[in-house]
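Q: I would like to learn how to read pockets, strand pairing and salt bridges in a model. Can we go through them one at a time?

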Amino acid sequence: MSQENVEVVKRAIAAINDHDFESYLACCTADVQLESPITPIEGVSEGADGIRRYFADILDADPDFRVTIERLEPVGADRVLGFLRLNMSGRASGITLGGDIPSANVWDFTDGKIKRVRIFLDRREALEAVGLSE
């Protein structure tokens with residue numbers, strides 16, 4: 001399943017970049033959870049409604065938000081580690097917030113669908129989350 005999971009992640013990221021959140025959700029379990037750096041403040045985004053709200057908030061602030069894949073690696077049968085670049089600018093100001101912000105995601109899978117996504121701005125934390133180190 002590991003390579004198939006990598007392909008699911010690629011489809012999910014393409015859906016994000018296309019702002020097609022229904023296609024994104026098709027890659028996920030019904031009870032998907034998304035944890036981001038703002039989770040301690042906002043809480044975990046759960047289920048389809050939580051995911052839609054999460055991405056609506058991002059696009060409200062930055063309609064040009066894009067994710068670029070640097071590398072995707074399967075970690076065991078049910079997990080994928082990804083090194084990504086985030087491209088963001090402010091809606092009102094047009095100021096680039098970070099044209100190339102390095103980040104890492106960990107996707108956990110159940111039955112070939114994304115069950116949980118964890119977003120890290122510190123790549124070392126993502127490596128530690130999957131039991132690896134640089």
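Q: Is Glu35 buried, partly exposed or exposed?

A: Buried means under 20% relative accessible area, exposed over 50%, and partly exposed in between, with a 1.4 Å probe and protein chains only. Glu35 has 23% relative accessibility, so Glu35 counts as partly exposed. The model is predicted: local features need pLDDT of at least 70, side-chain atom pairs count only at pLDDT 80 or more, and totals for chains, interfaces and linings use all residues. Residues are numbered from 1 along each chain as its sequence is written, and side-chain values use heavy atoms, with hydrogens and water left out.

Q: With which residue does Glu35 form a salt bridge?

A: Side chains of opposite charge can pair when their charged atoms come close. A salt bridge here is a side-chain nitrogen of Lys or Arg within 4 Å of a carboxyl oxygen of Asp or Glu. The partner of Glu35 is Arg116, with 3.7 Å between the closest N and O atoms. Arg116 lies in strand β6 and Glu35 in strand β1, so this pair ties together parts that are 81 residues apart in sequence. Helices (H or I, at least four residues) and strands (E, at least two) are DSSP runs numbered from the N terminus. Arg116 is partly exposed, at 24% relative accessibility.

Q: Which residues are linked with Glu35 in a network of salt bridges?

A: The network links Glu35 with Arg79, Asp108, Arg116 and Arg118. Within it, the side chains of Arg79 and Asp108 meet at 2.6 Å, N to O. Arg79 is in strand β4 and Asp108 in strand β5, so the two tie together parts 29 residues apart in sequence. Asp108 counts as buried at 10% relative accessibility, whereas Arg79, at 25%, counts as partly exposed.

Q: How many salt bridges does a search of the whole structure find?

A: The search finds twelve. Another of them joins Arg124 to Asp122, the closest N and O atoms being 3.5 Å apart. Arg124 is exposed, with a relative accessible area of 52%, and Asp122 is partly exposed at 25%.

Q: In which sense do β1 and β6 pair?

A: Two strands pair if DSSP finds at least two bridges between them. Strand β1 (residues 28-35) and β6 pair in the parallel sense over four bridges; Cys28, for one, has Ile114 in β6 as its bridge partner. β1 is also joined to strand β2 (residues 45-46), antiparallel, by two bridges, and the partner of Gln33 in β2 is Glu46.

Q: How much space lies in the largest pocket?

A: On a 1 Å grid over the protein atoms alone, a pocket is an open set of points where a 1.4 Å probe fits, with protein on both sides within 12 Å along at least five of seven lines; lining residues have an atom within 4 Å of a point. Grid points are joined across faces, edges and corners, and a volume is the space filled by probe spheres set on the points. The largest pocket holds about 470 Å³. Among its 26 lining residues, Tyr54, Ile58, Phe65, Leu86 and Ile119 are the closest to the centre.

Q: Which element gives the most to the lining of the second largest pocket?

A: That element is α4, with four residues. The second largest pocket has about 190 Å³ of space, and its lining includes Arg53, Tyr54 and Asp57.
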